[in-house]
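Dear colleague,

Please find below the structure I am handing over to you, with its sequence.

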Amino acid sequence: MEGNRDEAKRCIDIACYSLKAGNLEKARKFLLKAEKLYPSLQAQKLLKEIDSLDEESTHNEPPKREEEPPEVKYTQEQVDLVKKVKKCKNFYEMLGVTKDSTDSEIRKAYKKLALHLHPDKNNAPGAAEAFKAVGNAVAVLTDAEKRKTYDLYGEKSSSGSGSARHRHTHDYYRQFESEATAEELFNMFFGDGFSSHSGHRRYHNHRHDNNQPSLAFGLILVLVVVSLMSTFLTSDPIYSLQQTSKYPIARKTSGLSISYYVKTNFDEEYTGPLARLELSVEEEYLIGMKKMCMRERHYKEAMMSRAQHFGNKVQFAQAQSLQTPSCDTLYRIGKYTF
């Protein structure tokens, strides 16, 4: 034990130097080592002094505040608008138009209403459902066949018990649900003017006339025309974007190098311009990829927003790492236009 006395003294000297320099952890380390080598009152006194300094430092630290999730804010006016939409008995009342209203008037009424109900602008309870409802309404009333069927069916009944009315309303609207999502309908009618950038949405000013079709409508119109022309040539589609036993021959468009597949007798069966066919292939491919990209982005943003709302940093990081393969494909071919 006496042999360790000098080494213990050296450890105490190092501890004193560290203590003066403000390095409490290093001082404590050497004092404990000194106590093991050769216990002394000096080392014990210095350890007590370090403990008192630690306690004082802890008491002086400001209390840590827990991060509170961001407060979801909305106005009474937004709440009232959501309630008003949900109480409507039919699509005409929902959009504030009449049965004599033109497609242009219906689109204009939808745009005005949808801007106030979009989930990025309206956080009131039920806003997402109301936004979807007005999307279904405009999809039906701007489609000649669907509007005709809707008019023949008539307004939904308001009689019966509350639960019966609820079931009837749900079944009634369900048969008129659009195949497109509410967001897709919104972007279709606004020409993708409501886009996402750096996690925040913004509006873009459009100078085109409301009566002129948007770019999305233009693309759809071209596809419809090409499809109608193809029906005069064959009962089956002239090409497929998926390889099947009926469409085994692989080809690529000369513009974007998009793969498509044709029948074995394609050269004899198709007599139209190849450039027109390949334009149709690329447009159909891009429309499909944009829809998938839109859904991927919306899912990712929804998961990030949910995690942020509940203050869950782990889930937020997981949501940030979600992949958007369809968007990546559009970036790669230079056709990302959202």
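In this predicted model, the axes of helix 4 (residues 76-87) and helix 7 (residues 127-141) come within 9 Å and cross at roughly 50°. The handedness of the crossing between helix 4 and helix 7 is left-handed. On the side of helix 4, the contact is made by V82, V85 and K86; helix 7 contributes A127, E129, A130 and V134. By class, the residues in this contact of helix 4 with helix 7 comprise five nonpolar and two charged, with no polar ones.

The second pair consists of helix 13 (residues 274-309) and helix 14 (residues 313-320), whose axes come within 8 Å and cross at roughly 165°. Because an angle over 145 degrees counts as roughly antiparallel, helix 13 is roughly antiparallel to helix 14. Their crossing, too, is left-handed.

Which residues of helix 13 and helix 14 meet? From helix 13 they are K300, M303, M304, A307 and Q308, and from helix 14 they are Q315, F316, A319 and Q320. The contact of helix 13 with helix 14 divides into five nonpolar residues, three polar and one charged.

To set the two side by side, the contact of helix 4 with helix 7 holds no polar residues, whereas that of helix 13 with helix 14 holds three.

With kind regards

Methods. Residues numbered from 1 in each chain as written. Predicted model: local features only at pLDDT ≥ 70, side-chain atom pairs only at ≥ 80, totals over all residues. Heavy atoms only, no water. Axes fitted to C-alpha atoms, helices over the stretch in contact; angles between N-to-C directions. Helix = DSSP H or I, 4+ residues; strand = E, 2+ residues; numbered from the N terminus. Left-handed = near helix turned anticlockwise from the far one by under 90°. Contact = heavy atoms within 4.5 Å. Nonpolar A, V, L, I, M, F, W, Y, C, P; charged D, E, K, R; others polar. Parallel < 35°, antiparallel > 145°, perpendicular 65-115°, else oblique.
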